[in-house]
Amino acid sequence: MEWDLSDLYLSPEDPNLERDLAEALNLASSLDPKDLLHPSRAEGLFRRYEEALEKAYKPLNYASLYFATRTQDPVAKALLDRVRNRYTEVRNRLVPLEVALRKLPEEAFQALLEHPGLADLRHFLQRQRAYAPHTLSEREEELLNLKGLVGRSAWSQFYTEYTGRFRFRVGERELTEMEVRALRRDPDPKVRREAHRELYGKLMAEAPTLSAVFNAVFLDYLQDLRLRGYRHPLEPVALRDEVEVKDIEALLEATRAHYPLVEAYYRWKARRLGQEKVPSQDLLAPLGKKPKIPFEEAKDLVLTAFHRFSPEVGRIAREFFEKRWIDVYPRPGKRGGAFCSGGLPSTHPYVLLNHTDDLDAAHTLAHELGHGVHFYLARKQRLLNFGASTPLAETASVFAEILLDDLLLERLSPEERTLLLAERVEDAINTLFRQVMYTCFERRSLEARREAALSPEAFHGIWQEEQGRLYGDAVEWTELDQAAWAGIPHFVHYRFYTYSYALGYLVVLALYGKYQEEGKAFVPKYLGILEAGESQSPKEILAQAGVDLASEAFFQYGFGVLESWLKALL
């Protein structure tokens with residue numbers, strides 16, 4: 001199944017695409033920041049602001065999705081480049097309004113907050129105000145937007161195009177990156193070793209080029225920190241996510257304190273594999289015969305799991321298949337990985353997969369459809385309140401995977417249940433512990449970049465040290481493993497996004513605990529979290545379901561659940 005993008009535009013030549021970009025530019029140019037001084041006028045001003053953003057983002061959304069399945073197509077590349085430039089032009093026309101809002105005199109800002117017609121934008125307004133100390137002049141903001149086109153955006157696109165051309169030969173087959181990564185879970189040790197050698201051998205060979213990309217995007221971020229007056233590298237992330245730097249630090253510290261759980265699990269796995277240590281090539285090795293799950297079967301399992309939790313969630317998920325909002329199989333030129341593009345309140349989400357007919361791919365389907373349901377429900381919000389703040393961004397996705405596991409656990413034999421429980425622990429390691437390890441690697445690399453550009457060997461060394469801290473002495477590494485950092489796109493596309501997977505996972509464990517306690521009475525609370533979008537802060541949204549992000553109990557509960565899973569295995 002390939003997705004149908006015609007709900008956005010019929011083709012790259014669709015005249016509506018250019019018309020929307022032109023209208024976005026006209027709208028953005030017509031906004032008068034002086035209207036912020038008159039709350040009644042500000043109502044209409046924000047409506048036109050939203051319309052300009054929507055008409056600019058919709059073409060960008062289409063171009064990005066079109067490019068994602070055609071990374072080697074000159075037409076797709078040209079479209080994305082053209083639309084990205086036009087989008088930046090619109091964003092620059094909006095800068096005067098955004099700067100004026102952030103720097104509005106206190107009396108005028110309070111008048112906006114108190115105006116009844118702007119009540120549903122209260123949280124948006126407060127978030128904008130929080131950026132005031134780090135907002136530059138109009139001209140400087142415009143220049144930074146323009147710099148982004150030849151800075152982080154350009155490097156991000158280059159990384160996607162460049163790595164999208166990678167091919168790997170395993171046996172007689174030529175594979176994409178996602179296909180060779182899937183073989184690291186193959187039951188045959190020879191296949192796993194060949195896949196490992198091909199994947200990490202390629203990353204090692206390409207490390208000089210990819211390290212140049214990493215150096216460029218890290219330097220771009222460091223320049224932004226300096227220009228905007230941030231004192232801590234995590235400060236922009238904390239501001240974006242409406243948490244404190246100390247909250248992020250507490251998460252990292254609590255997770256690192258529980259690293260021994262990871263070492264204990266892999267010592268158990270080594271014994272199951274008949275080894276003293278787990279060879280890195282067997283890090284993802286199945287512990288028993290893993291079922292092949294064709295896409296149609298995975299689809300039925302996920303829809304069943306969703307429907308029995310909530311018929312409404314099941315109905316929404318089914319629409320993705322019926323209306324072709326999903327692109328399923330890997331093919332040459334298609335980008336690797338999986339993602340859900342949230343779209344706009346006036347459109348709908350799209351899901352990209354690279355399905356490989358195994359249990360892991362079924363979990364990925366559940367994960368991305370969880371995102372899809374989240375964005376679908378958040379469409380009840382207006383554009384300025386739409387989306388999912390980072391601490392909640394992975395809530396629906398990881399929760400969906402646990403719902404799928406609950407269904408599978410009921411259908412399995414005792415030995416199969418043990419194997420699935422091991423899968424659940426490994427998922428926790430990958431979603432929580434490894435993401436914190438990634439954050440530590442990114443932070444150390446960024447700090448080192450302040451002094452000078454990092455060589456591939458420098459990146460290798462930091463990665464090796466952080467990986468060693470996580471797994472202790474339970475894993476035996478090869479020389480090629482030290483190049484794994486080069487194959488993680490989050491380090492190029494985002495700054496410190498990986499920590500949010502860890503935070504999101506702990507949020508999910510807390511919410512799942514509430515579900516176990518409350519049963520069906522919890523479902524409306526859960527749907528309310530997803531529907532809330534960004535209309536309130538994450539802490540306010542979660543508080544309505546009885547979860548306190550700032551409490552010690554929040555961490556204790558999450559890690560307690562993980563310890564219980566591990567205890568059941570050991």
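Which residues are exposed on the other side of H6? A few notes on that and on some other spots follow.

1. First, the ground rules. This is a predicted model, in which local features need pLDDT of at least 70 and side-chain atom pairs count only at pLDDT 80 or more, while totals for chains, interfaces and linings use all residues. Residues are numbered from 1 along each chain as its sequence is written, and side-chain values use heavy atoms, with hydrogens and water left out.

2. Back to helix H6, residues 138–150. (Helices are DSSP runs of H or I with at least four residues, numbered from the N terminus.) Glu141, Glu142, Leu144 and Gly148 are its buried residues, buried meaning under 20% relative accessible area, exposed over 50% and partly exposed in between, with a 1.4 Å probe and protein chains only. These four cover an arc of only 160° around the axis, so they sit on the same side of H6; the arc is taken from the directions from the helix axis to the C-beta atoms. The exposed residues on the other side are Arg139 and Val150. The cover over the buried residues includes helices H3 (74–102), H7 (152–164) and H9 (189–228), where contact means heavy atoms within 4.5 Å.

3. Next, a helix pair. The axes of H11 (residues 245–257) and H18 (residues 414–449) come within 10 Å and cross at roughly 120°. Axes here are lines fitted to C-alpha atoms, for helices over the stretch in contact, with angles from 0 to 180 degrees between N-to-C directions. That angle makes H11 oblique to H18, since under 35 degrees counts as roughly parallel, over 145 as roughly antiparallel, 65 to 115 as roughly perpendicular and the rest as oblique. From H11, Glu249, Leu252, Thr255 and Arg256 meet Leu432, Phe433, Val436, Thr439, Cys440 and Arg443 of H18.

4. Ala42 belongs to helix H2 (residues 39–68) and is buried, with a relative accessible area of 0%. Neighbours within four places in sequence aside, Ala42 is in contact with Asp35, Leu36, Leu112 and Leu118. Ala42 and Leu112 are 70 residues apart along the chain, yet 7.9 Å separates their C-alpha atoms.

5. Ser389, between H15 (359–378) and H16 (390–393), counts as buried at 2% relative accessibility. Not counting residues up to four places away in sequence, Ser389 touches Glu534 and Pro538. Asp188, in the loop between H8 (177–182) and H9, counts as partly exposed at 33% relative accessibility.

Definitions and conventions
Helices (H or I, at least four residues) and strands (E, at least two) are DSSP runs, numbered from the N terminus.
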